[in-house]
Amino acid sequence: MRASEAPAAGGHRPVLLEAVCDLIVPALEGAEGAVVVDGTVGLGGHAEALLRAAPACRLIGIDRDPTALQAAGGRLAAFGSRVRLVHANAADWRTVVEEVGWGRPRALLLDLGVSSPQLDRPERGFAFRQDGPLDMRMDPTAGPTAADLLMRLDARQLERVLREYGEERHARRIARHLAEVERRAPIRTTRALAEAVVAALPPAVRGRGRDHPARRTFQALRIAVNDELASLERALEEGVDMLTPGGRIAVIAFHSLEDRIVKRALRAGQAAGRLAVLTPRPLTASAGERRDNPRARSAKLRAAERLGAGPARLTAAGRE
Ligand SMILES: C[S@@+](CC[C@H](N)C(=O)[O-])C[C@H]1O[C@@H](n2cnc3c(N)ncnc32)[C@H](O)[C@@H]1O
């Protein structure tokens, strides 16, 4: 079956599905039991397509979100013992691979960011257009929520978060206003935060542009709450290290901060003679996919192939 025929879960087609399969499947072919690790398995859409396209492979699916793992478990049940699902941060995928004990992976995938169910459920606290508790944790079993973070950060720290993670032009103005509001009564809901951001902006700026005025603030807090950029850096470092020679890594990024980290890591790997970059320019979605799936509009896919033997610091259980 071609990847393009893979069914969509809940009406959501995985982003850049065909390109992901074209890049990853060649690394899995011809090796019985070859291991692919999907570090952001989500609803299991990419995972399902890979399991179908490479019928001899095995897949380890990782997600920080236990509800995503439940959904993936249902979708991938038919593949039986070819699939292991693990609740973890992709930053720790080498430990997961060691614990599963299937050997060094021949392929790695990261489809970053939040999933549609996370965004669509107001109770998860990611959505600025809906009201819910100000949570934003991908893993609701660990760590502080966005509301906790707002309580902990002073105006200067918050300004830095908004500037660095949201690339927000009005970071100072918004941070000062949020700190002021927070002093009077803690901001506990997504609606209260979105309204406070709008109120912080000069009236002339509020309605301008296609974006909701709170979009960048929400992105910044989400990245901070989930420590997304540090997790990505660690996942890339560990991923390149544990890939088997000839193995491939593919990463889909959804904003410039993520994409910059991916681009730099792959180029650094190439400069060090450990990787060959397969995508001199990032692959993006076709006009049709962009039209059908708004999430695909900002997606950038980069991939590389592992060269040479290099150090594989897996412990005995995980070594080939
Ligand atoms: C865009 S969705 C993945 C969708 C999936 N590729 C599919 O086809 O259904 C991103 C998922 O990655 C998870 N995620 C994001 N960053 C993660 C990380 N560092 N470690 C583990 N899971 C992560 C999120 O919880 C979410 O479920």
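The model I am reading is a predicted one. I then listed the shell: 23 residues surround the ligand, and the closest are P14, T40, G42, L43 and G45. Sorted by class, the shell has nine nonpolar, 10 polar and four charged residues.

**Domains**

Next I looked up how the chain is divided. Domain 1 takes in 3-117 + 228-318, and domain 2 takes in 140-225. I noted 31 Å between the C-alpha centres of domain 1 and domain 2. For the contact between them, I found five residues of domain 1 touching four residues of domain 2. On the domain 1 side, these residues are three nonpolar, one polar and one charged.

**Cores**

I turned to the largest nonpolar core, which has 66 residues. Which of its residues touch the most other members? I wrote down L16, V20, I24, V36 and L50. Helix 1 (residues 17-28) gives this core its largest share, eight residues. I picked V20 and checked its contacts, not counting residues up to four places away in sequence: V20 touches H46, L109, A250 and L301. Another core lies apart from the largest one; I counted 31 residues in its entry, among them F128, L134, A175 and F218.

**Helix 3**

Where do the buried residues of helix 3 lie, seen down its axis? I first listed them: in helix 3 (residues 66-76), A68, L69, A71, A72, R75 and L76 are buried. Seen down the axis of helix 3, these buried residues fall within an arc of 160°, so they line one face of the helix. The face turned away from the buried side carries the exposed residues P66, Q70 and G74. I also looked up what covers the buried residues of helix 3, and the cover includes helix 2, strand 2 and strand 3 (83-87).

**D65**

I then went to D65, which sits in the loop between strand 2 and helix 3. Is D65 buried or exposed? D65 counts as buried because 23 C-beta neighbours lie inside 10 Å, and the cut-off for buried is 20 or more. Leaving aside neighbours within four places in sequence, I found D65 in contact with Q118, M138 and D139. I also compared D65 with M151, 86 residues apart along the chain, and their C-alpha atoms are separated by 24 Å.

**Two residues with positive phi**

M136 is not a glycine, yet I read a positive phi of about 70° for M136. I placed M136 in the loop between helix 5 (116-120) and helix 6 (146-152). M136 counts as buried because it has 27 C-beta neighbours inside 10 Å.

E167 is also not a glycine, and its phi is positive, at about 45°. I found E167 in the loop between helix 7 (155-166) and helix 8 (171-184). How does E167 count, buried or partly exposed? E167 has 14 C-beta neighbours inside 10 Å, so I put E167 down as partly exposed. The cut-offs are 20 or more for buried and 12 or fewer for exposed, with partly exposed in between.

Definitions and conventions
Residues are numbered from 1 along each chain as its sequence is written. This is a predicted model: local features need pLDDT of at least 70, side-chain atom pairs count only at pLDDT 80 or more; totals for chains, interfaces and linings use all residues. A residue is near a molecule or strand if its C-beta atom, placed from the backbone, lies within 6 Å of it. Ala, Val, Leu, Ile, Met, Phe, Trp, Tyr, Cys and Pro count as nonpolar, Asp, Glu, Lys and Arg as charged, and the others, Gly among them, as polar. Domain bounds come from an automatic or database domain assignment. Two residues are in contact if their C-beta atoms, placed from the backbone, lie within 7 Å. A nonpolar core is a set of buried Ala, Val, Leu, Ile, Met, Phe, Trp, Tyr and Cys residues joined through C-beta atoms within 7 Å. Helices (H or I, at least four residues) and strands (E, at least two) are DSSP runs, numbered from the N terminus. The arc is that of the directions from the helix axis to the C-beta atoms.
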